[in-house]
Amino acid sequence: MATFEITTRSVKGDLKTDTMILNMGPQHPSTHGVLRLELVVDGEVIVDVIPHIGYLHRCFEKHAEQMTNYQQVIPYVDRMDYVAAMGNELAYVLAVEKLLGIEVPERVQYIRVIMAELQRIASHLLAIGTYGLDLGAFTPFLWCFREREKILDLFEITCGARLLYNYIWVGGVSHDLPSEFGKKLKDFLKTFPKALKEINDLLTFNKIFIDRTANVGVLPADVAINYGCSGPMLRGSGVKFDLRKNEPYLVYDRFEFDIPVGEGKMGTVGDCWDRYYVRVREMEESLKIIEQAWEQLPPGDVHSAIPKKVRPPQGEVYFRTENPRGEIGFYIISDGHSASPFRVKARAPSFVNLSVLPEISRGYMIADLVAILGSVDIVLGEVDR
Amino acid sequence: MRQYFKNIFVAIWTILIGLKLTFKHLFVRAVTIQYPDVKLKLPDRARNRLYVNIDDCIGCRQCEMACPVDCITIETVKALPNEDLGVTSTGHKKRLWVTKFDIDISKCCYCGLCVYPCPTECIYMTDVYEFSEYNRHNLIYHFSNFTPEEAELKKKEVEQFELEQKMKKAKPAEQVTVNNPENIEKKS
């Protein structure tokens, strides 16, 4: 699909040919939450997009300062990116642990890796499922949710919650893996590649889907870097940057996996299809990591390193990890004497990725904007915090 | 022109692939269940409605402190020396009357942080997940054995007792300081 040049057409008579402002959202099915997009349109062609955010603002950062201890922030962290809560917890907990300077047991690190990767698969499944839904493919959405359900079941037997886990704690995890976890995980690892292939056949390589997404919303690598994009957004543009490889945390340096990048297989490098396909392939890589981690999982006690009282010394710390949506970072300042953080700042990948939306949607049609926004894969809980 | 027809052919072909797949799924067993009639068994660790076994509560307020959303309200009254409250099932001695133990379950975020610090394991999450109410005030659960009136009585009783204790303490002290010359000397 070609971009349209914006011209003021000469129309006979006194027909107005000015640009028009159109509101999309905050209650719009394809904005994935409460996001209002102010569109400046010339006919059907988008001249500019101005995202208005803040409808879901819950003062996460201020709340974190009001808590009585560091542990209490974790349920709030969960509610940032609520479809990838494990990843948020992980980043926050690792930041606090860095501030405390404690070393966690190996088993805990492996469990955390397994959980984070399962969460990545679950989150990407939701992303590609709803992306299909945005573009009119309903069946893959249901299939994605069916697979996601298996992961949520795994989480539920482990920590008791399906969405907001409060599982990863400072110094450990809340529960050890239950005895039936291994069997269920193996079942999932066995059946998932088959399900993924079905989704690929049905959606990824469907001609209509490709026509809607290829060559649409092209994000060149330099623009992506300038805007600070991360995660599949950045990798879709062909930049091989993944914190799990470039700045390994936990035990990620012990696993063999690739970093999929956009190759422009169906159109230009950095188009919507590339971003979508990076997510699909990342799921395969996550499967590899989980398999290796499960094989290497050492025995041990998951509670041994949990400190009685989390009271970090005075100082500040920034820690970033690779969340399904990109690079999530927590900046924590401790004043040294109180048991709660003095300041918590979260760097939310969705928020940063959303900022590039006007840049990549200029010149496309309104219908394409749905495809572009879906490929950015935002979670409004994280954008607004 | 050729490309045009090729595109149409590819589009139809990929749609047919999809249709074949979805047709196959007609004969796959459904993964959904008819919810109100059929219910899945929740795992042992399921975190749903909070429950407090008030007989085991020693009124230490650990859960109240741990709650990030402040949905637990506890009020306690000291037991008088002549009252024996017994021990909990875990062997802790009870020293406080728990006159109020309210959980506003509509505020609860089911994080489970209150469960872990409890020394007697009397607060825990159950697998009950259907507890909708027509009136929101019914979602404030009162776990204490005391009605508000009884709690008020108990409070007064203790106040009375403390007042008496004070009087008792104050009286001999006065006598000591006034009547005993040794004490006066020591003080000066």
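Select Ser174(A) to begin: at 4% relative accessibility, this residue counts as buried, a term that means under 20% relative accessible area, with exposed meaning over 50% and partly exposed in between (1.4 Å probe, protein chains only). The model is predicted, so local features need pLDDT of at least 70 and side-chain atom pairs count only at pLDDT 80 or more, while totals for chains, interfaces and linings use all residues. Residues are numbered from 1 along each chain as its sequence is written, chains are lettered from A and ligands numbered from 1 in the order in which they are written, and side-chain values use heavy atoms, without hydrogens and water.

Ser174(A) lies in the loop between β5 (172-173) and α6 (181-204) of chain A; helices (H or I, at least four residues) and strands (E, at least two) are DSSP runs, numbered from the N terminus. Display its contacts (heavy atoms within 4.5 Å). Leaving aside neighbours within four places in sequence, Ser174(A) touches Cys159(A), Asn166(A), Tyr167(A), Trp169(A), His303(A) and, from the other chain named here, Tyr116(B).

Next, select strand β2 (residues 36-42) of chain A, where six of the seven residues are buried. Strand β1 (residues 20-24) of chain A runs antiparallel to β2(A) and is joined to it by five bridges; two strands pair if DSSP finds at least two bridges between them. Within this pairing, Met24(A) has Leu37(A) as its bridge partner. Strand β3 (residues 45-52) of chain A is also antiparallel to β2(A), through seven bridges, with Asp42(A) partnered by Val45(A). Two residues separate the strands of this hairpin, and Gly43(A) takes a positive phi near 70 degrees.

Move to helices α3 (residues 85-100) and α4 (residues 106-134) of chain A, whose axes come within 8 Å and cross at roughly 145 degrees. Axes are lines fitted to C-alpha atoms, for helices over the stretch in contact, and angles run from 0 to 180 degrees between N-to-C directions. Residues making the contact include Leu90(A), Val93(A) and Leu94(A) of α3(A), and Met115(A) and Ala116(A) of α4(A).

Finally, in chain B, select the open sheet of three strands, ordered β2-β3-β5 with antiparallel pairing. Because β2 (72-78) and β5 (140-142) of chain B stand at the edges, each with a single partner strand, one side of each lacks a neighbour in the sheet. Seven bridges link β2(B) with strand β3 (residues 96-104) of chain B, and Ile72(B) has Ile103(B) as its bridge partner.
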